[in-house]
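Q: I would like to learn how to read aromatic pairs and strand pairing in a model. Can we go through them step by step?

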Amino acid sequence: MRHIVLFVLLCIASIAAAQTFEVKGVLKDKITGMPLESATVYVQTIQDSTLISYAVTNKKGEFEIGGRTKKKKLRFIASYTGYQKLVIPIDLGKRSIDLGILMMEVRTTQLKGVEVVGEGAPVLIKKDTLEFNANSFKTKPDANVEELLEKLPGVEVDNDGKITVNGNEVNEVLVNGKQFFGSDPKIATKNLGKDLVDKIQISDTKTDSQRFTGKRSNSDNKSINITLKKGKDKGFFGRVTAGYGSDDRYELSGMLNYFKGDQRSSLLASSNNINVSGFSYDEVWDMMGSSAGDLSYRSNTNQGITVNSNVGVNFVDQWGKGKEFSSDYFYATSDNEQRTKQLKENLLPDSRFFTKEDGYSNTISDSHKTNLKFEMDIDSMTRVVFRPSFYYTTGEDVEKSDLISSDALGVTLNTNTSNRQSMDSRKNFESEIEIIRKFGTKGAFLELEIVNEVVDNFGESFVKNTNQVYNNLGNVANSTEIDRFTETDAKNTLLGFNLEWRMPLFKNFFFDLEYVYEKTKRENEKLVYDLDTDTYSDFNYNLSSLLRTDNQMHRPLAGFNYDGDKLSFGLMAGVSNNQLENRDGLQSIGFEKEFNDLALEGRLMYNMGRGERFRLRYNTNSNIPSAYQLQPVENQNNLSNIVTGNPNLNRTYTHRLRFGYNKYDFKTQTGMFMHGNISFVEDAIVPITLTDENLLRRTTFTNVSGNKSAWLGIYFNKTIKNDHFTSRWSLRFNGSYNRNNNFSNGLAFSSDGINLSPRLSVNFNYKEWIEIEPSYNLGWNNVSYSLENFEEESFLTHQAGLRTTTFWPKNIVFGNDITYSYNPNVSGGFDASAVLWNMSLGLKMFKDKGLLKIKAYDLLNQKINTTRTITADYIQDFQSNVLQRYFMFSFTYKVSQVGGKNKGRRGRRYYSRR
């Protein structure tokens, strides 16, 4: 607590000593007199060129820079692509300085053999890309890319490493324009050092085709490209970590990266029993029972205790001009053990009943995944891309459960005991071929994309289930037992293509044609055998099926698109034709259906000015039912709820409207971002459950219309900064609404659900010596029903956190992460509140290459995993075992040899004025 009080006093003193200032003016071209829009202007200290504040000019060339500093004199710099830098010393004797109209000269051609070296602008706007200069943003010397991103305006990184930019999730991180170890952004951001980075480029996520053709992105996600400093793309770097602690907890991880120009190879490996499913390195919080760089495909690291081991290799190379190859291979194995308990209140039209269940499961899985990419430019106008991938996994599961069903008075009406052992395997092969041909320089192109997917799922399971029904005297009135072996074999095949043609009509205006075809074949074989004496040889015809589903989809589209710098819009319209055929070879059931739906895609984007944009999108979508929903045979794995598919289900048709607005003021370093979507669903697939007097249920599926949902997210952030102190304020508000049409014991009704979740967090940083981050999150859920006997249900959750990190004294890193969770509405017998306190103390050594650390996880031994869920027909409280208190010593050693000695350059070096 003492260092927190000291930090607050330092912040107050720093704010009081600093004075506010404002610098404004106008930038114009010296020859034409035209204003220069989106030029970068910034002020820095004269002594060490530390960035104080920056801004971007508007369409009139106007700028205003504001900030706080104790310095009396600063350096003003204006930077614009293609123009010479403008450098002006300024005196802060006045708090408001008007520089008037400043003329910038076009940069003359650089002489051969002369290198101009100078401080880069902190931010540049290049059409749809925002580029940040890494050196302009101060971090501690050994920071990684994630810590650098946290310093950038509009960028937020949560505790799990998830990155958002202006409220949009980052789903792709590239290194020098190429993927780094697959598609997981956290592997790059947590393992690459900031000292390697030259620029951070942020743009809307584009496909490879959109990058090649110049077509505008239609993604709501963001892409980050990390460009390495010259010379830093040669050499190797890596690290290794080993730790051991109480209760035989351990962690092992390592990575090695080798760069040589366009060639890059990487090796990563890890093993632990502390619920970490991937690769992470952070000198304070690494491997604290979280997921970072997740390569596991089956385990849930938030529940139970998991032992994970992972190995991955990655290779990227470019051969000559226009020939590129990339590959990666991942192996992951996990062993997860869970113990759960849940209490469910089930809602019926005229009554309620309760089910209490205690469960145990042990899941062991092994998975292999490999991705390849071959890219070749036949010439400057033609590109061919081939992307094959293969995924293979095997698993073993043991599940046990004891369930008690009772009426509203607590009288037990039935019990169910289940034991299930299963083994399964999944093989998945996917391939994609793209052939793209551009015509001219005005945006015309023709693209053919061919996709193929083959999936083979094979499984075997042994199920023993006992269900007992009790009479009014509490005696067993009826008992049912099953002992069965089930073999499943599901084969899915997809073959399709997408043909797209774009023709420019005039500048930035295009006519587009698109034709999409997909043929899907699904064969689901389910063979059930009952125990006969001591072998499973009694074939159960009624529970077995040989279901085959064939679906052909044709979707021709035509429309117009306009892609201007300020305004962009488009409308594509067509027909989605689905031909669905179901046949069951055992049950002699089959049907054919054809659906013709209107296919629409619309978009609108308007750039209102620097840092301000509005987006609107609309589309329709059709989905066919799953095999589980279609199979007309009983699933008796749980005798208290027997499920039967409905082969007469229709497809589901969805209308979706998405919108977004973002604005960032560089002068005040304040951002406001809003995103949302609205969906309307026709023929949604919902379950129908009938419950008898003994609380035994039978469930099937049907189609309903009128379901709708809406989601809205609003984010505010603001940065306050002076010479030594920085605070980042973040306020988030998420809200959702769902209208669902359902059935309760065969009676149709509707439910309306509302979820509100505001969150406030603040990050205080003083000289990179100490960082304090308090946060608070509130969750409110409410569900109301159209049935009179259903009462409105609501509950609250609270979560407060405090994270502190100190980097003083030198070579000492001390961190505390405290989270208080409170769920006041859970039932008795469930833990409602807990304090999770993680602590870490590290000592840097060997010139910062080594880190010796002791950490305590769940210091108070209070961690819980308790949740409450409200749906249309039940209220459920759930709790599982979790990883609890342990102490661990670990040591990390980093190796690095990047760049090389300067062999000398011909010509002189000129430095820009400081």
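Q: How many aromatic pairs does a search of the whole structure find?
A: In this predicted model, the search gives 33 aromatic pairs.

Q: How are the planes of Phe-485 and Tyr-536 set, and what is the pair called?
A: Planes under 30 degrees apart count as stacked and those over 60 as edge-to-face, with the rest tilted. The planes of Phe-485 and Tyr-536 are at 45°, so this pair is tilted, with ring centres 6.3 Å apart. Phe-485 belongs to strand 26 and Tyr-536 to strand 28, 51 residues apart in the chain. Phe-485 is buried at 12% relative accessible area, while Tyr-536, at 25%, is partly exposed.

Q: Which class does the pair of Phe-846 and Phe-891 fall into?
A: This pair is edge-to-face, because its planes are at 85°; the centres lie 6.4 Å apart. Phe-846 is in the loop between strand 45 and strand 46, and Phe-891 is in strand 49. Phe-846 counts as exposed at 51% relative accessibility, and Phe-891 as partly exposed at 29%.

Q: Where do the side chains of a regular strand point?
A: They alternate between the two faces of the sheet.

Q: How does strand 46 pair with strand 49?
A: The two are antiparallel, with 8 bridges; Leu-851 stands opposite Thr-892 of strand 49. Strand 46 also runs antiparallel to strand 45, joined by 7 bridges, and Met-845 has Gly-850 as its bridge partner. In the hairpin of strands 45 and 46, Phe-846 has a positive phi near 55°.

Methods
Residues numbered from 1 in each chain as written. Predicted model: local features only at pLDDT ≥ 70, side-chain atom pairs only at ≥ 80, totals over all residues. Heavy atoms only, no water. Pairing = 2+ DSSP bridges. Helix = DSSP H or I, 4+ residues; strand = E, 2+ residues; numbered from the N terminus. Phe/Tyr/Trp six-rings, centres within 6.5 Å; stacked < 30°, edge-to-face > 60°. Buried < 20%, exposed > 50% of the residue type's maximum accessible area, 1.4 Å probe, protein only.
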